[in-house]
Amino acid sequence: MVKLDYLLKEISRSEEIRICNPEKWSSAVSDADILTPQTEWEEGTLYLCFDSSVLHDPSVLQSIGKYGASCPVLTDSADELPVPVLRTSGTDDPQHLLQAIRECLRFEDRLQWEINELYHLLYAGRGLDSIAEKAEGFLGRPISVLDASYSMIAVSEKMRKIAYGLETNEGREFLSIGEVESLRRLQIEQKIYQNNAAFFVQTEDHPDTNWIFCAIRIQRVMSGYVAVCLPDRAQADPHELRLTTAVADICAIEMQKHDFFIRRTGLQYETFLTELIEGRFSDVKIAESRLHLLNHHLGHFFCLAVLYCVEPHNSDLFNQQQVSVLRKQYPNSMSVVYKNNIVLLLNQDEPIQLNESLTAPIRQFALQNHLKVSLSQPFADILKISIFYEQALHTLAISDPGKSDRVLFFSTEALPQYLFSKCDYKELETGIHYHIFQLQDYDKEYHTEFMLTLRTYLEHDRSAAKTAEALHIHRSTFFYRVKKIEELLGISISDSHLLFLYELSFKIWDYLSK
């Protein structure tokens with residue numbers, strides 16, 4: 001069924017007639033007919049009456065009064081009547097108008113059925129590919145769905161047979177740089193951003209095809225678009241335009257199902273950054289060219305900051321204004337809200353130094369917004385971003401188990417703990433050098449402090465003076481203990497490799513003791 005106010009507006013536009021106050025009629029109709037004294041009234045039918053004598057028939061007036069709300073009457077009569085009717089002017093062929101109304105109703109019924117079928121695929125969880133294929137069947141036109149980084153996320157069978165520019169990486173397809181540049185030069189990209197409904201274009205770059213485009217919007221943010229290909233000389237009809245708009249709305253819902261924990265702020269590169277974080281690229285040249293295409297310069301050195309929410313916040317935490325603050329403080333950076341965390345990719349041409357001048361702004365931002373920040377190690381291979389994202393994320397988990405007041409954490413300071421956390425407990429325990437256990441057993445039996453002495457020596461830069469001071473003993477006592485340790489273990493305290501293994505052993509010991 002179709003809302004009467006919408007139907008009347010469409011008819012008045014297509015038939016160039018005037019209908020008074022159609023917006024006041026909110027009933028739904030599914031059919032239309034000519035009103036006669038013998039009419040058997042059916043709910044949901046729009047009746048046309050251009051014979052004023054019929055309207056003055058007592059039985060007709062009684063029926064209008066009884067059924068008028070569900071069976072409206074359209075007339076060109078100027079007579080005052082005791083029952084409400086719709087008034088029109090400019091019509092001299094009731095049968096033609098009836099036919100036009102019925103065609104409009106059939107059109108709306110067909111369109112609504114097709115849209116319902118597409119929504120059924122959505123609810124059945126069939127995915128974007130099935131939606132694109134079904135839409136292609138309804139439209140009879142090739143169709144593709146792209147995200148904001150021009151990645152092909154659904155392509156119908158007919159579209160794959162069209163010779164247009166594609167790039168492939170790791171089995172994924174992208175619109176070629178040349179095609180994107182064409183969209184920009186012809187200002188089609190701008191129209192996609194500006195229009196909420198599907199629109200038709202003819203392009204000089206593709207004289208053999210015309211196109212329909214429609215933006216896919218998620219929370220009013222342009223997150224991709226639908227492209228429908230039409231043959232040369234074909235104009236887009238209302239059915240194609242409205243169904244394409246519906247397809248874009250359905251794609252928006254489907255994309256949100258898969259991006260449940262990802263919230264974007266409207267910049268094109270955010271989709272691409274998300275794919276980088278998820279490790280979906282293997283060719284750095286493609287990554288560099290795609291980011292350049294998205295108006296972003298790819299430097300040579302990178303560092304990831306993951307900003308974690310300490311306590312529950314409202315939705316304003318991840319809005320565009322707050323994320324844009326980080327972008328202003330870190331020029332050429334990229335950021336996206338990914339799995340409820342803000343992820344900031346620092347990107348510059350010079351090596352990144354994790355000093356105060358670099359970290360002070362993000363520390364202040366974290367304090368103001370009740371966040372904690374974990375910084376990955378600086379790296380130079382953009383394709384390894386997923387590894388360093390996991391490092392930064394995990395560093396926070398292992399470095400702040402007690403929920404301290406500290407807000408900034410460095411992966412460089414937690415490298416051993418990070419590596420240990422990736423190991424099985426029993427396997428990690430075997431990484432402790434057996435000399436440590438020997439010293440522990442000797443200390444227990446003879447009440448000595450050899451293990452403490454060795455550990456303090458390693459913690460104080462292997463300095464005899466600093467170690468003796470820390471232990472509150474004389475230097476000669478320290479050297480005596482060192483000699484006894486050497487004799488007990490059969491080693492030399494000057495063996496740097498062995499001392500490194502002892503240092504590593506103590507770190508493992510501490511990690512396992514937590």
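Thr-359 touches Tyr-330, Leu-375, Leu-408 and Phe-410, leaving aside residues up to four places away in sequence; contact here means heavy atoms within 4.5 Å. This is a predicted model, where local features need pLDDT of at least 70, side-chain atom pairs count only at pLDDT 80 or more, and totals for chains, interfaces and linings use all residues. Residues are numbered from 1 along each chain as its sequence is written, and side-chain values use heavy atoms, with hydrogens and water left out.

**Around Thr-359**

- You can find Thr-359 in helix α13, residues 356-368 (helices are DSSP runs of H or I with at least four residues, strands are runs of E with at least two, and both are numbered from the N terminus).
- Thr-359 counts as buried because its relative accessibility is 2% (buried means under 20% relative accessible area, exposed over 50%, and partly exposed in between, with a 1.4 Å probe and protein chains only).

**The sheet**

- Strands of a sheet pair through backbone hydrogen bonds, either parallel or antiparallel.
- Here, 7 strands form an open sheet with antiparallel pairing, in the order β10-β11-β9-β8-β14-β13-β12 (two strands pair if DSSP finds at least two bridges between them).
- Its edge strands are β10 (166-169) and β12 (199-202), each of which pairs on one side only.
- From one strand to the next, the twist averages 35 degrees (axes are lines fitted to C-alpha atoms, for helices over the stretch in contact, and angles run from 0 to 180 degrees between N-to-C directions).
- Leu-146 has Met-152 in β9 as its bridge partner.

**Helices lying across the sheet**

- Helix α5 (residues 127-139) lies across β8, β9 and β14 (221-231), at about 60 degrees to β9.
- Helix α7 (residues 177-185) lies across β10, β11 (172-175), β13 (209-218) and β14, at about 35 degrees to β11.

- Val-60, Leu-61, Ser-63 and Ile-64 are buried in helix α3, residues 58-67.
- Seen down the axis of α3, these buried residues fall within an arc of 160 degrees, so they line one face of the helix (the arc is that of the directions from the helix axis to the C-beta atoms).
- Among the elements covering the buried residues of α3 are α2 (52-55) and β6 (73-75).
- On the other side of α3, Pro-58, Gln-62, Gly-65 and Lys-66 are exposed.
- Gly-65 counts as exposed because its relative accessibility is 54%.
- Gly-65 and Val-85 are 20 residues apart along the chain, and their C-alpha atoms are separated by 9.8 Å.
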